[in-house]
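Thanks for coming. I will go through one protein chain, a few local features at a time. Please have the sequence and the structure open.

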Amino acid sequence: MTATTSTPLAPARPAPAAARRSARLRAWATRAPLLPALVFMIAVTQLPFVATLVISFFDWNALYPDAREFTGLANYEEVLTDPDLRESVLTTVVLTAAVVLASLVIGLGLALLLDRRFRGRGAVRTLLIAPFLLVPVAAALLWKHVLYNPEYGLLNGVLRWLGGDGAAQPDWVSNTPLLAVELALIWQWTPFMMLILLAGLQSRDPELVEAARMDGAGDWQVFRHLTLPHLRRYLELGALLGSIYIVQNFDAVFTITSGGLGTANLPYTVYQSFYQAHENGLASAAGVLVVIGSLVIATLALRVVSSLFREEATRA
């Protein structure tokens, strides 16, 4: 007589359709807490941009709302061909390039200084970061009244202290308006560049630097052949991120010069067209062009960031 043993049956696998449906439900359950934030972001950012895009195709003056008419790309053509608007574009390019390059050079020097160990380094780093933490309007007011004012400003006070009562007392904003705006922005954005480059310096392999010094390399050779190539991606990242923000800068131009004396950049021109000339269509077209330019720069910045992450992952 033989005994028969029964083997337990394996649990039935769910049908492929049910498994896919279950996976989709889990995915939606994971994403559900983010939906309110997504809806809020779309309502606050994307819907106004769509409205701006639509208005940019109309000849629409706020003083005559009933006289608006569809003009297609005429507003964009006027933005690109109007001499004043072209000058504002050129001013934007010059202002952005000068501020970004000067901030990078000064920020690199400060980052190299803070990369060394010395007493009070933490306090010095905190003081150097402070300008970037100021509200942009407050920083512009500080430069306009505390430094540039011809009667009680610090710059003219130093000139009077050095040269006596007969020292020149220039009106800095009137004499060098674009430079006055650039210096204020350089002072505020240099800490941002410094932090990015300092992070790059602290990610160097110290063994490579020690090996180079053992081979007889001096400070300049180490900087030129090791430090600078290592910082190339960080310099690109700082330049691109700085360009994104400074292209859209409005506070310094509005506060220091009110857009006069050849300092009106494209964001200020958009403000002037919209709030002073009431040309909603023209201002919207200029604003859309600013957004497109910023998106191009942001895309390049994201590619640089992605390459940095890939390099760090490969190194790890």
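Leu261 sits in the loop between H13 and H14. Helices here are DSSP runs of H or I of at least four residues, strands are runs of E of at least two, and both are numbered from the N terminus. Leu261 has a positive phi of about 60 degrees, although it is not a glycine. Is Leu261 buried or exposed? Leu261 counts as exposed, because its relative accessibility is 56%. The classes are buried at under 20% relative accessible area, exposed at over 50%, and partly exposed in between, with a 1.4 Å probe and protein chains only.

Before going further, a word on the source. This is a predicted model, in which local features need pLDDT of at least 70 and side-chain atom pairs count only at pLDDT 80 or more, while totals for chains, interfaces and linings use all residues. Residues are numbered from 1 along each chain as its sequence is written, and side-chain values use heavy atoms, with hydrogens and water left out.

The pLDDT is the predictor's confidence in each residue, from 0 to 100. The protein chain averages 81, and 91% of the residues score at least 70. Where is confidence lowest, and where is it highest? The lowest mean, 74, belongs to helix H15 (residues 280–315), and the highest, 91, to helix H9 (residues 177–202). Where pLDDT is low, the predicted coordinates should not be read in detail.

Back to the loop. Ser258 also lies between helix H13 (251–257) and helix H14 (266–276). Ser258 is not a glycine, yet its phi is positive, at about 55 degrees. Ser258 counts as partly exposed because its relative accessibility is 41%.

Next, the salt bridges. A salt bridge here is a side-chain nitrogen of Lys or Arg within 4 Å of a carboxyl oxygen of Asp or Glu. How many are there by this rule? The count comes to two. In one, the side chains of Arg232 and Glu236 meet at 2.9 Å, N to O. Both residues lie in helix H12 (residues 232–247), four residues apart, about one turn of the helix. In the other, Arg233 pairs with Glu236, the closest N and O atoms being 3.7 Å apart. Arg233 and Glu236 are three residues apart in H12, again about one turn of the helix. Shared partners join Arg232, Arg233 and Glu236 into one network. Arg232 is partly exposed at 43% relative accessibility, as is Glu236 at 27% and Arg233 at 22%.

Now the surface patches. Patches are made of residues with over 30% relative accessible area and no salt bridge, with like charges joined within 9 Å and nonpolar side chains (Val, Leu, Ile, Met, Phe, Trp, Tyr) within 5 Å. Leu134, Leu142, Val146, Leu154, Val158, Trp161 and Leu162 make a nonpolar surface patch of about 690 Å². Helix H6 (136–147) and helix H7 (154–163) each give two or more residues to the nonpolar patch. H7 provides the largest share, four residues. Leu142 is in helix H6, and Leu142 counts as partly exposed because its relative accessible area is 32%.

The patch of negative charge gathers Asp59, Glu69, Glu77 and Glu78 on the surface. Glu77 is placed in helix H3 (residues 74–81). Glu77 is exposed, with a relative accessible area of 53%.

Notes
Areas by Shrake-Rupley, 256 points an atom, 1.4 Å probe, with all protein chains shown as cover. Lys, Arg positive; Asp, Glu negative; His and termini not counted. Charge placed at Lys NZ, Arg CZ, Asp CG, Glu CD.
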